[in-house]
Amino acid sequence: MPEGDERQFDWESLVSRVIHPLKVAIIETLVWIDKPLSASDLKKIFGGEFSLSLTSYHLNELVKIGALEKVGHRRVRGAQEKFYFFALTPDVPSSE
């Protein structure tokens, strides 16, 4: 912004439009439970507040941005139930 311009960037408005509440709920739940969970597990924990398809969608979006990763799966009635947990952070070489 030009010098002297008193406008302020509205971070709160941006974050609420960019970060879906379900993504926040997924992250907070994984921190709290501290073990891999599936979309079905999360749907049960959330008490049906969010659909299975919406939960799966946001899990996959979190995988795309590198926040989560698929860490396992199991067969359930002919389908694959996938489990997700936090992505391992690669070792970053120190600058020393």
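What follows is a working chat about the predicted model shown above.

User: Before we start, what should I know about the model and the numbering?

Analyst: This is a predicted model in which local features need pLDDT of at least 70 and side-chain atom pairs count only at pLDDT 80 or more, while totals for chains, interfaces and linings use all residues. Residues are numbered from 1 along each chain as its sequence is written, and side-chain values use heavy atoms, with hydrogens and water left out.

User: OK, how many helices and strands are in the chain?

Analyst: The chain has 4 helices and 3 strands, and from the N terminus on its elements run α-α-β-α-α-β-β. Helices (H or I, at least four residues) and strands (E, at least two) are DSSP runs, numbered from the N terminus.

User: And what share of the chain counts as buried?

Analyst: Of its 96 residues, 25% count as buried, where buried means under 20% relative accessible area, exposed over 50%, and partly exposed in between (1.4 Å probe, protein chains only). The chain exposes about 7,500 Å², and carbon and sulfur atoms supply 55% of that area; accessible areas come from the Shrake-Rupley method with a 1.4 Å probe, and for residues only the protein chains shown count as cover.

User: Let's look at α4. What does it span from its first C-alpha to its last?

Analyst: Helix α4 covers residues 52–64, and its 13 residues reach 18 Å from the first C-alpha to the last, close to the 18 Å expected at 1.5 Å a residue. The expected span of a helix is 1.5 Å times one less than its number of residues.

User: Which residues of α4 are buried?

Analyst: The buried residues of α4 are T55, H58, L59, E61 and L62. They cover an arc of only 160° around the axis, which puts them on the same side of α4; the arc is that of the directions from the helix axis to the C-beta atoms. On the other side of α4, S53 and K64 are exposed.

User: What do those buried residues pack against?

Analyst: The buried residues of α4 pack against α2 (21–33), β1 (37–38), α3 (39–45), β2 (68–76) and β3 (79–86), with contact meaning heavy atoms within 4.5 Å. One of them, H58, has a relative accessible area of 4% and touches H20, L22, K23 and I26, not counting residues up to four places away in sequence.

User: So what about α2, which of its residues are buried?

Analyst: In α2 the buried residues are L22, K23, A25, I26, T29 and L30. Seen down the axis of α2, they fall within an arc of 160°, so they line one face of the helix. The face turned away from that buried side carries the exposed residues P21, E28, V31 and W32, whereas the buried residues of α2 pack against β1, α3, α4, β2 and β3.

User: Which residue takes a positive phi just after α2?

Analyst: That is D34, with a positive phi of about 60° just after α2. D34 sits in the loop between α2 and β1 and counts as exposed at 56% relative accessibility. R77, in the loop between β2 and β3, has a positive phi near 45° in a residue other than glycine, and R77 is exposed at 81% relative accessibility. After α4 comes G66, whose phi is positive and near 90°.

User: Switching topic, how many salt bridges does the structure hold?

Analyst: The structure holds 2 salt bridges, a salt bridge being a side-chain nitrogen of Lys or Arg within 4 Å of a carboxyl oxygen of Asp or Glu. E61 pairs with K64, the closest N and O atoms being 3.1 Å apart, and these two residues, 3 apart in helix α4, are separated by about one helical turn. E81 forms a salt bridge with R74, with the closest N and O atoms 2.7 Å apart.

User: Last one, which residues form the nonpolar patch on the surface?

Analyst: The patch is formed by F9, W11, V15, V18, I19 and V24, with about 590 Å² of accessible area together. Patches are made of residues with over 30% relative accessible area and no salt bridge, like charges being joined within 9 Å and nonpolar side chains (Val, Leu, Ile, Met, Phe, Trp, Tyr) within 5 Å. Helix α1 (residues 11–18) gives the largest share, 3 residues.
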